[in-house]
Amino acid sequence: MGDRTLNCNTSSEWKPEFKYDFDPISSDDEIVTVDLGGTPIQCLKNGDALQPLVQMARVVPDYRKHIPSIRNMEMDDDDVIICAFAKSGTHWLWEITSMLGSGKADYHGKEKNSTMLELIPAEVLRSTPKPRIYNTHFTPQGLPMHVFDRKCKILFLQRNPKDVLVSYLPYLQGHKLIDSEIKWDEFICKYMELEVESSLLNWFYYTIQWFEFLKEGHGNIYCLAYEDLKDDPVREITKLAKFLEVGENSDLFKDIAEKCSFQNLKQAALSKIDTFAINNKEAAKKFTNFTYRKGEVGDWKNYFTVAVNEKFDALYAKKMKGIDFKYRYSL
């Protein structure tokens with residue numbers, strides 16, 4: 001059933017670009033245990049954002065202080081926020097949008113995480129030069145409140161959940177969120193039992209939150225599908241440019257599509273390892289390799305057995321009842 005293991009050893013010493021202070025865990029804090037196979041993970045829960053306790057002293061701010069500051073962060077009318085569940089093409093869309101914003105098919109000088117709401121202090125995000133293209137895996141309740149007072153634009157990117165989960169396992173292992181020895185069969189069975197309300201871990205919960213939000217009729221939100229972008233990137237980039245109001249430029253759109261092909265993006269990402277928030281090139285290379293895994297549509301067929309696929313489809317029908325969006329599982 002394909003390669004079910006991935007060496008994501010990043011045990012070399014981390015040297016964060018930012019140093020964060022953490023308050024002691026108190027009786028007022030909600031701690032949840034997540035079991036996706038192997039050793040269960042203890043996480044600090046803030047709303048629907050989970051922060052694994054083993055990671056807290058490294059590169060992620062204390063969410064108890066960080067999330068309120070993000071919620072209260074100022075926004076400008078020309079700011080853009082890309083919202084997507086992990087492994088849905090956020091890096092891809094971020095580079096495309098950055099190129100459209102600059103009017104040039106040149107890669108951004110830094111990597112995507114430099115403008116990620118979960119990772120960067122609000123004051124640093126606000127100091128980013130325009131055009132500001134933020135990105136996040138938060139649900140709507142985690143976004144800056146001023147998003148809805150301004151004319152800034154939200155891009156909501158989706159990918160079919162089966163391909164998401166196949167890419168998600170090495171992502172979680174690479175970030176040390178689950179044991180590196182966990183095999184696909186154990187992971188997918190545990191995942192289908194997951195009940196915790198988490199924007200980071202639970203695709204079903206995350207997606208339902210966004211569809212409920214979209215029903216409220218908020219303006220300035222543009223929905224994209226990973227598979228459509230893969231199927232005809234020039235067409236989708238042209239439509240996105242119209243939404244962003246950056247003007248018509250067919251030659252630029254073709255250049256962006258070429259620059260943002262999977263292999264070209266991966267090579268560009270490897271050239272940015274000096275901009276990662278860790279001062280460790282080998283670790284940064286490994287992060288890039290599990291971030292840019294395959295970029296295919298339909299790879300799930302190499303992992304889902306007939307029995308697992310039937311069980312997943314039944315779970316999807318139960319959890320996503322009333323949501324009529326049709327995902328593409330092949331091209």
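At the start of helix H4, a side-chain oxygen of Asn160 comes to within 3.1 Å of the backbone nitrogen of Lys162. The model is a predicted one, in which local features need pLDDT of at least 70 and side-chain atom pairs count only at pLDDT 80 or more, while totals for chains, interfaces and linings use all residues. Residues are numbered from 1 along each chain as its sequence is written, and side-chain values use heavy atoms, with hydrogens and water left out.

**Helix H4**

- H4 covers residues 161–174, and its 14 residues reach 20 Å from the first C-alpha to the last, close to the 20 Å expected at 1.5 Å a residue (the expected span is 1.5 Å times one less than the number of residues).
- The helix has a kink of about 30 degrees at Tyr168, shortly before the proline Pro170, where the bend is the angle between axes fitted to the seven residues ending at a residue and the seven starting there.
- Because 14 of the 14 residues of H4 are buried, the helix is largely enclosed by the rest of the structure (buried means under 20% relative accessible area, exposed over 50%, and partly exposed in between, with a 1.4 Å probe and protein chains only).
- After H4 comes Lys176, whose phi is positive, near 65 degrees.

**Nonpolar cores**

- The largest nonpolar core has 66 residues, and those with the most contacts inside it are Tyr168 and Phe187; such a core is a set of buried Ala, Val, Leu, Ile, Met, Phe, Trp, Tyr and Cys residues joined through side-chain atoms within 4.5 Å.
- H4 gives the most to this core, with seven residues.
- Apart from this core lies another, of 29 residues, which include Ala84, Leu100, Cys260 and Val297.
- Leaving aside neighbours within four places in sequence, Tyr168 is in contact with residues including Phe85, Phe187 and Leu201, where contact means heavy atoms within 4.5 Å.

**Tyr206 and the cysteines**

- Tyr206 is found in helix H6, residues 203–215, and it counts as buried because its relative accessibility is 1%.
- The C-alpha atoms of Tyr206 and Asp48 are separated by 9.0 Å, although these residues are 158 residues apart along the chain.
- Cys43 counts as buried at 2% relative accessibility, Cys83 is buried with a relative accessible area of 0%, and a search of the whole structure finds zero disulfides (a disulfide is a pair of cysteine sulfur atoms within 2.5 Å).

**The whole protein**

- The protein has 12 helices and seven strands, which are DSSP runs numbered from the N terminus (helices H or I, at least four residues; strands E, at least two).
- Buried residues make up 53% of the 331 residues in the protein.

Notes:
A polar contact is a pair of N or O atoms within 3.5 Å; within protein, one must be able to donate a hydrogen and the other to accept it, and residues adjacent in sequence count only if both atoms are side-chain atoms.
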